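Hi there,

Here is the structure I promised to pass on. Have a look at it first, and then read on for what turned up in it.

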Amino acid sequence: MLNQRAIPQPLSWNLTIDSTTLLVNGSMTVGSVMVQLVNRLDVSQDFSDYALWWAKANIWLTNTKSTLDQYGVQSDALLHFTSMHKLIRLQLPDLRVLSVQGDFSVSVFAAVCKLCKDLGIRHAEELSLLRSSRLPSTNALHERRTSPRRRRNNNGTLNRHNSMGDSLANNTSTISTLFSPTTPKLRSTDSTIRQHRSISNLSKSLNNLDLNTDGNLAQTPMTPIKNVLPQLTKPNNIIEKSILNNLWYDSSRSLMEQNTHENDLILLRFKYFTFYDLNPKLDAVRLNQLYEQAKWSILSEDIDCTEEEIMAFAALQLQIQIQSFHSSSTSSTYLSPTEDVGHEYDNGNDYDVDRALERLQDSLLGSKATANQSTSSLIQQFSTTEELCDYLRLSKQRRFPLKTFKRYWFVMRDTQLTYYNNECQQRSAPIEKISLKGCEIFPDVNISSKKYVIRLLIPSIDGMNEALIRCSTEEQYAKWMAAFRLASKGRSINEPSYETERESILALLHMQRPSPVPNQTKSKFDIQPENFVSNKFVKKYKTKQLTERILEAHATVSNLDGVEAKLRYLKVWQALPEFGITTFVVKFKESNKKEELFGVAANRLLRMSMTGDIVKTWWISRMRSWNVNWENKLVTIEFDGETIQFLPLYGIDSKCIHEYIGAYIFLSMRATATMSDNNDPLRQETLFQRLTAAYT
């Protein structure tokens, strides 16, 4: 007994949690420390949502089985015993501000998934949280570089966030109300009030609209644009626009770890522009919020539009608002986000079954098959390899601005485009053979002047070579534009989606074509054009001119219901050249230029000049690896046979670029069997973090 060695006892020391001091040792688990703290507090309260927060180390001590030594907690540490769920003011894409409980202890990715589930938004991986703008700096240069376009100058109640969300949340009757409902988007004339009671009811409803008190997120809020645009300050240059993209929260870290506090204003937005399985019946809330984000990006001039495009957007917005009024006036009750919002598609004739069969048929054949189409003709349709041939006009890149077009005979087969002097020479060697796979395809259309030009940016060793192809008619343009778009993705015109793409392009052209407006329609109501077009066009044209052009464009879409109009709006939005490209100002290694743009899109990476012109394109599918040197913030991306390196400028975090690339790879995997068969949120989050976190 005398020779038996004594077992040393662990040293005890004092640990301060808030204002309470506990006697602990390093081998104690976090759970035992919390039990000791709760017993010392002697308060009858449910502490199941509470955890320990270590502010100095900027971490949560959420693993109750880990010891203090494993976390590195020592006697000089000051811990806080606080709730993991805290109240935040969440601004939705439609600019409504909701007071919700957010989880401050989990990653932003997991927190967004929980928020979207509560809001009824599917595929939460497409969204993320964005920081609101801070108070302007007294330093003018610092203010110009760090204040995003969402900077506002309202008088809010919280000193830390003097932003639009604070003003909205405090100036409205409820926390979820956006604006004081006093200004209508549509107003009836005196004669209309006497002659058309339905239009009078529409204007009356808009004048007395109490927004969002029903809690329905699938309905479009009718908001006066003049109350919003002065606060949606757009960036002055490409640098400020690039800095905006650095305001996204890090998806791999929690809100608490990113200096977020209770009652902070946080913006929920669609971050990644690839929308999977958009089903109008299941995604009424998601579709509406996506439409609202697209609408505000157009009205705030975040994306440039031509006159024909802005009139098409205005016409669709007008139709959506009219249909929104009619649907709300004919329904006595409103649906919650968790209820079936697609009831307008249900009837007693098994419409859902017929709809499903039609969608399956369209996906297989590309268009509705006729009843007398034989099996042999279907086999022949898929077994033959078709080619597209026609006379078009071509203009290659020139040093002088004047474009001259020359007529050639073009042949499109698979993803190869060849052209000859005339049709008789098709059997001989072509003048040039162009591989369209990996090309950038942009429209250059002016309906009024009958200009139907397709702009091709063809990758080469020296960069991107430009070629302009001019069509004669709308039908010819739609046929070749659809073929070029499929070829750029490595697909051919033999695929069923070709006909769908062609019809979609024709529909967009038809929508932009001016149509005569019946006098009866003109007398029904006036519109406030400043609520439908961006400020650039409000300054360029008179109110009467804008009103007439919007009503002319609306005549082509007046037969659409609200859901169809929103889908058409998103289709036009996705067709814009700037759609879905997130840019960052960088300095490429071994480049003589000080500043260039690096763009990230759903399926490609781009090198761009500071004017926005595309210099080179790399397809993500050909990328082998990407990584970041965290010491010097250098980003390295390796492709087949090429490696690029660049350094982000103006305080842009390399982690933000890394996350964009990894997220788009994750989103591209959703259609694979591995992702579709795996509905485990934890495993999906683990895969997302492996691709985006950039931390070992």
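A residue counts as buried when its relative accessible area is under 20%, as exposed when that area is over 50%, and as partly exposed in between. With a relative accessibility of 27%, asparagine 422 therefore falls into the partly exposed class. Before I say more about that residue, please keep in mind that this is a predicted model.

**Asparagine 422**

You will find asparagine 422 in the loop that links strand 13 (416-420) to strand 14 (432-435). Leaving aside residues up to four places away in sequence, asparagine 422 touches Tyr391 and Trp409. Tyrosine 408 is 14 residues away from asparagine 422 along the chain, yet their C-alpha atoms are separated by 6.1 Å.

**Glutamine 319**

Is glutamine 319 buried or exposed? Its relative accessibility is 1%, so glutamine 319 counts as buried. This glutamine belongs to helix 10, which covers residues 307-330. If residues up to four places away in sequence are not counted, glutamine 319 touches His554, Val557, Ser558, Leu560 and Ala565.

**Two helix pairs**

A pair of packed helices is described by the angle between the two axes and by the distance between them.

Let me start with helix 9 (residues 284-299) and helix 18 (residues 562-574), whose axes cross at roughly 45 degrees and come within 10 Å. Angles under 35 degrees count as roughly parallel and those from 65 to 115 as roughly perpendicular, so helix 9 and helix 18 are oblique to each other. Their crossing is left-handed. On the side of helix 9, the contact is made by Leu287, Asn288, Leu290, Tyr291, Ala294, Lys295, Ser297 and Ile298. Helix 18 contributes Val563, Lys566, Leu567, Tyr569, Leu570 and Trp573. Sorted by class, the residues in this contact between helix 9 and helix 18 are 10 nonpolar, 2 polar and 2 charged.

The other pair is helix 19 (residues 654-668) with helix 21 (residues 681-692), packed at an angle of about 135 degrees with axes 7 Å apart. Helix 19 and helix 21 are therefore oblique to each other, and their crossing is right-handed. Which residues make the contact? From helix 19 they are Lys655, His658, Glu659, Gly662, Ala663, Ile665 and Phe666, and from helix 21 they are Gln684, Leu687, Phe688, Leu691 and Thr692. The contact of helix 19 with helix 21 holds 6 nonpolar, 4 polar and 2 charged residues.

**The chain as a whole**

The chain has 696 residues, and 49% of them are buried. Its secondary structure comes to 21 helices and 25 strands. Of the contacts with a separation of 6 or more, 62% join residues 24 or more positions apart.

**Confidence**

Where is confidence highest, and where is it lowest? The highest mean pLDDT in the chain, 97, belongs to strand 3 (residues 50-54), while helix 5 (residues 164-171) has the lowest, at 35. Over the chain, pLDDT averages 78, and 73% of the residues score at least 70.

Two stretches to read with this in mind are residues 135-214 and residues 332-361. Across residues 135-214 pLDDT stays under 50, and the model has 172 contacts beyond four places in sequence for them. Residues 332-361 also stay under 50, and for these the model has 35 contacts beyond four places in sequence.

Best wishes, and happy browsing!

Conventions
Residues are numbered from 1 along each chain as its sequence is written. This is a predicted model: local features need pLDDT of at least 70, side-chain atom pairs count only at pLDDT 80 or more; totals for chains, interfaces and linings use all residues. Side-chain values use heavy atoms; hydrogens and water are left out. Axes are lines fitted to C-alpha atoms, for helices over the stretch in contact, and angles run from 0 to 180 degrees between N-to-C directions. Helices (H or I, at least four residues) and strands (E, at least two) are DSSP runs, numbered from the N terminus. Angles under 35 degrees count as roughly parallel, over 145 as roughly antiparallel, 65 to 115 as roughly perpendicular and the rest as oblique. A crossing is left-handed if the near helix is turned anticlockwise from the far one by less than a right angle, and right-handed if clockwise. Contact means heavy atoms within 4.5 Å. Ala, Val, Leu, Ile, Met, Phe, Trp, Tyr, Cys and Pro count as nonpolar, Asp, Glu, Lys and Arg as charged, and the others, Gly among them, as polar. pLDDT is the predictor's confidence in each residue, from 0 to 100. Buried means under 20% relative accessible area, exposed over 50%, partly exposed in between (1.4 Å probe, protein chains only).
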